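Subject: Structure handover

Dear colleague,

Here is the structure I said I would pass on. My notes on what was found in it follow below.

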Amino acid sequence: MILSEWPWLYSYGGLFILALLAASLLPLGSEWLLLVLLSQQLNPLALWLVASAGNTLGSVLNYAIGYYAADRVIARQQSQSNISRWQQAERWFGRYGIWSMLLAWLPVVGDLLTLVAGVLRANFPLFLLLVAIGKAARYAVIVAGFDYMVG
């Protein structure tokens with residue numbers, strides 16, 4: 001199989017997968033691929049929807065990990081060097097509650113916020129709504145910024 005026969009794999013599908021992985025605890029970013037695909041004149045609305053959906057689903061996976069493996073997640077976070085990021089995420093969630101999910105788009109701490117939400121068993125429908133709003137808004141700013149810069 002030749003990759004050129006599957007262009008969606010390195011366009012929309014690739015963006016979805018990278019956006020999903022970027023929302024995980026892996027140190028990845030999807031913005032660069034979104035910008036590359038925008039520069040290739042792919043449909044900005046479709047790219048925005050794909051990136052937002054993938055990134056939101058990645059946060060849902062973090063929530064699920066936190067929800068179903070709370071004891072192990074807490075023990076692991078407390079035994080690793082990233083304890084300060086974990087504590088910062090816990091403080092934000094403690095201070096702002098479920099509304100802190102609007103900040104789930106932030107690099108590094110945003111991913112931990114979604115994990116904390118799962119550990120603390122936050123209201124899932126509201127979690128999903130707030131995370132989707134925050135992530136979609138971030139990608140909308142990127143798409144609009146690109147359009148402004150080249151348009």
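UniProt positions are given here in the numbering used for this chain, feature names are shortened, and the annotations may be inferred rather than shown by experiment. With that in mind, the unreviewed UniProt entry places the feature "transmembrane region" at residues 7–26, 46–70, 96–120 and 126–150. Please note that the model is predicted.

Overall make-up

The protein chain has seven helices and zero strands, and from the N terminus on its elements run α-α-α-α-α-α-α. Of its 151 residues, 43% are buried. Taking contacts between residues at least 6 apart in sequence, 70% join residues at least 24 apart.

Two of the annotated spans

How do the end C-alpha atoms lie in residues 46–70? They are 35 Å apart, and the span is 96% helix and 0% strand. For residues 96–120, the end C-alpha atoms lie 13 Å apart, and that span is 48% helix and 0% strand. Both spans are among those that UniProt lists as "transmembrane region".

H1 and its neighbours

The buried residues of H1 are Gly13, Gly14, Leu15, Leu18, Ala19, Leu20 and Ala22. They pack against helix H2 (31–39), H3, H6 and H7.

The packing of H1 with H3 can be given in more detail. The two helices pack at an angle of about 35°, with their axes 7 Å apart, and H1 passes H3 in a right-handed crossing. On the H1 side the residues that meet H3 are Tyr12, Leu15, Phe16, Ala19, Leu20 and Ala22. On the H3 side they are Ala46, Leu47, Val50, Ala51, Ala53, Gly54, Asn55, Leu57, Gly58 and Leu61. By class, this contact has 13 nonpolar, three polar and no charged residues.

Is serine 11 buried or exposed? Its relative accessible area is 10%, under the 20% cut-off, so serine 11 is buried. Leaving aside residues up to four places away in sequence, serine 11 touches Leu37 and Leu42.

H3 and H6

Helix H3 (residues 44–68) also packs with helix H6 (residues 109–119), at an angle of about 40° and with the axes 6 Å apart. H3 and H6 are therefore oblique to each other, and their crossing is right-handed. From H3, the contact is made by Ser59, Asn62, Tyr63, Ile65, Gly66 and Tyr67. From H6, it is made by Asp111, Thr114, Leu115, Ala117, Gly118 and Val119. By class, the contact of H3 with H6 has six nonpolar, five polar and one charged residues.

Aspartate 147

Which helix holds aspartate 147? This residue lies in helix H7 (residues 124–150). The relative accessible area of aspartate 147 is 53%, over the 50% cut-off, so aspartate 147 is exposed. Aspartate 147 and serine 39 are 108 residues apart in sequence, and their C-alpha atoms are 9.5 Å apart in space.

Regards

Methods:
Residues are numbered from 1 along each chain as its sequence is written. This is a predicted model: local features need pLDDT of at least 70, side-chain atom pairs count only at pLDDT 80 or more; totals for chains, interfaces and linings use all residues. Side-chain values use heavy atoms; hydrogens and water are left out. Axes are lines fitted to C-alpha atoms, for helices over the stretch in contact, and angles run from 0 to 180 degrees between N-to-C directions. Helices (H or I, at least four residues) and strands (E, at least two) are DSSP runs, numbered from the N terminus. Angles under 35 degrees count as roughly parallel, over 145 as roughly antiparallel, 65 to 115 as roughly perpendicular and the rest as oblique. A crossing is left-handed if the near helix is turned anticlockwise from the far one by less than a right angle, and right-handed if clockwise. Contact means heavy atoms within 4.5 Å. Ala, Val, Leu, Ile, Met, Phe, Trp, Tyr, Cys and Pro count as nonpolar, Asp, Glu, Lys and Arg as charged, and the others, Gly among them, as polar. Buried means under 20% relative accessible area, exposed over 50%, partly exposed in between (1.4 Å probe, protein chains only).
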